[in-house]
Amino acid sequence: DLADSLQYMADQERTATGNRAAGLQAAYDAFYRGDIANTIARYHADNGGFLTREDMASYRVRFEQPVAASFGGYDFYCCGPWCQGISLAQTLAALEKSDFDKQAHNSTAYIHELTEIYKLIFADRERWVADPAFTDVPVEQMLSSEYLSMRLDLIDSDSAYPQMPPVGDPVAGTATTPDNLTHRTALVEGGDGHATKPKGTHPAGGPPSADTSHVCVIDKDGNMFAATPSDTSNDTEVIPGTGLCASSRGSQSRGVVGHINAVAPGKRPRLTPNPALALKNGKPFMTLGTPGGDVQIQAMTQVIANKLKFGMNIQAAIEAPRFATYSYPSSFAPNDYFPGLLMIENRIEKSTGEELAGLGHNVDWWPDWTWKAGGVCSIVVDEISATLEAGADPRRASRALGI
């Protein structure tokens with residue numbers, strides 16, 4: 001069925017009159033206005049869904065400017081605030097102001113510093129990041145040097161935040177909101193978003209999710225591409241006759257009145273996929289991304305730091321042991337929240353974990369090479385030889401190929 005859907009679109013492109021743009025429009029119309037759209041809309045109507053034929057026909061892909069941040073002398077271009085791309089940019093901008101790289105790699109001080117930075121970023125994400133067509137996201141203020149300096153001053157090198165830190169107020173230019181009231185109200189109204197921890201769940205376990213993938217390319221002319229497509233057939237319906245799934249990404253909207261990501265007509269949920277590109281002096285340097293939900297930002301920034309701050313080749317940077325905090329509400333319903341939880345891959349020294357626990361982190365251990373730590377894929381341009389170096393993550397099924 002899926003092959004037939006793709007073939008139908010290809011046939012419409014091939015038989016269209018005019019140039020290539022006209023052919024692509026014909027393929028687009030075959031999906032959004034033709035037989036495929038009719039089948040999708042009819043299925044929703046028959047099964048109590050909300051998507052209509054008019055919704056399909058009126059949809060347009062949006063061209064949106066990336067969010068940029070500098071790190072280590074490189075310019076990183078991230079997705080906008082309709083996903084957590086802005087949080088990736090904010091993390092890189094915060095790391096640029098931090099002295100984390102003066103610590104030994106994956107030492108107690110290093111992991112503590114990065115973990116506390118991640119917590120601050122996720123606190124801001126919970127309060128400020130949503131579809132910019134519906135919300136005035138203060139992107140420039142969130143990335144400002146002054147604001148990030150104030151936020152970093154909240155970090156105690158001898159003590160971990162036992163939960164998600166206070167949200168900042170980039171609009172007012174203050175490290176925290178006066179009483180954090182807006183943030184707390186958004187979380188607890190209609191049910192405590194901080195307490196939605198179903199019995200038996202834990203971020204260390206469970207089978208690999210077969211939804212998100214990542215692909216990145218750099219060609220001989222320096223054109224760069226990065227995409228993190230993500231949807232799944234294991235928690236949603238396959239629409240009969242199409243081979244296509246009704247997206248389950250609505251689970252990343254909030255069913256909580258007053259929350260910044262509360263569901264609304266036409267409003268995009270704040271997604272987790274966030275591929276990135278990097279330039280050096282305007283020239284192609286790096287492309288990367290990963291599956292992993294809320295761990296994506298953490299895995300990507302650790303790989304970037306391994307490459308740019310610790311001089312690892314890209315494959316070694318990807319293979320190095322990782323860690324991730326879960327001290328924030330998950331992006332996915334029912335928004336699990338594990339205050340203070342810090343997961344660490346087993347290859348990191350046990351003594352380091354014990355020292356982190358002594359700082360107040362709720363430390364738990366991942367098995368070696370766990371899929372939970374992401375599946376980063378990346379390509380880097382060697383600045384001297386101009387050759388391409390690719391890395392693929394052994395934690396998930398991935399490949400690095402040269403053609």
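In this predicted model, the count of cavities of 30 Å³ or more comes to one. The points below describe that cavity and its lining, and then the sheet with its strands and helices.

**The cavity**
- The largest cavity has a volume of about 50 Å³, and its lining is made up of Q90, A94, I117, L120, I121, D124, Y147, L148, R151 and L152.
- Helix 5 (85-97), helix 6 (108-128) and helix 8 (145-152) are the elements that each give two or more residues to this lining.
- By residue class, the lining of the largest cavity divides into seven nonpolar residues, one polar residue and two charged residues.

- Six strands, in the order 1-2-7-8-12-13, form an open sheet in which the pairing is antiparallel.
- Strand 1 (67-71) and strand 13 (388-392) are the edge strands, each of them pairing on one side only.
- On average, and with direction ignored, neighbouring strands of this sheet are turned by 20 degrees against each other.
- Strand 12 (residues 377-381) runs antiparallel to strand 13 and is joined to it by five bridges, and V380 has E389 in strand 13 as its bridge partner.

**Helices on the sheet**
- Helix 5 packs on the sheet, where it touches strand 1, strand 2 (74-78) and strand 7 (276-280), and its direction makes about 25 degrees with that of strand 1.
- Helix 10 (residues 296-308) also packs on the sheet, touching strand 1, strand 2, strand 7, strand 8 (283-289), strand 12 and strand 13, and its direction makes about 140 degrees with that of strand 8.

Methods. Residues numbered from 1 in each chain as written. Predicted model: local features only at pLDDT ≥ 70, side-chain atom pairs only at ≥ 80, totals over all residues. Heavy atoms only, no water. 1 Å grid on protein atoms, 1.4 Å probe; cavity = no way out; pocket = protein on both sides within 12 Å on 5 of 7 lines; lining within 4 Å. Points joined across faces, edges and corners; volume = space filled by probe spheres on them. Helix = DSSP H or I, 4+ residues; strand = E, 2+ residues; numbered from the N terminus. Nonpolar A, V, L, I, M, F, W, Y, C, P; charged D, E, K, R; others polar. Pairing = 2+ DSSP bridges. Axes fitted to C-alpha atoms, helices over the stretch in contact; angles between N-to-C directions. Contact = heavy atoms within 4.5 Å.
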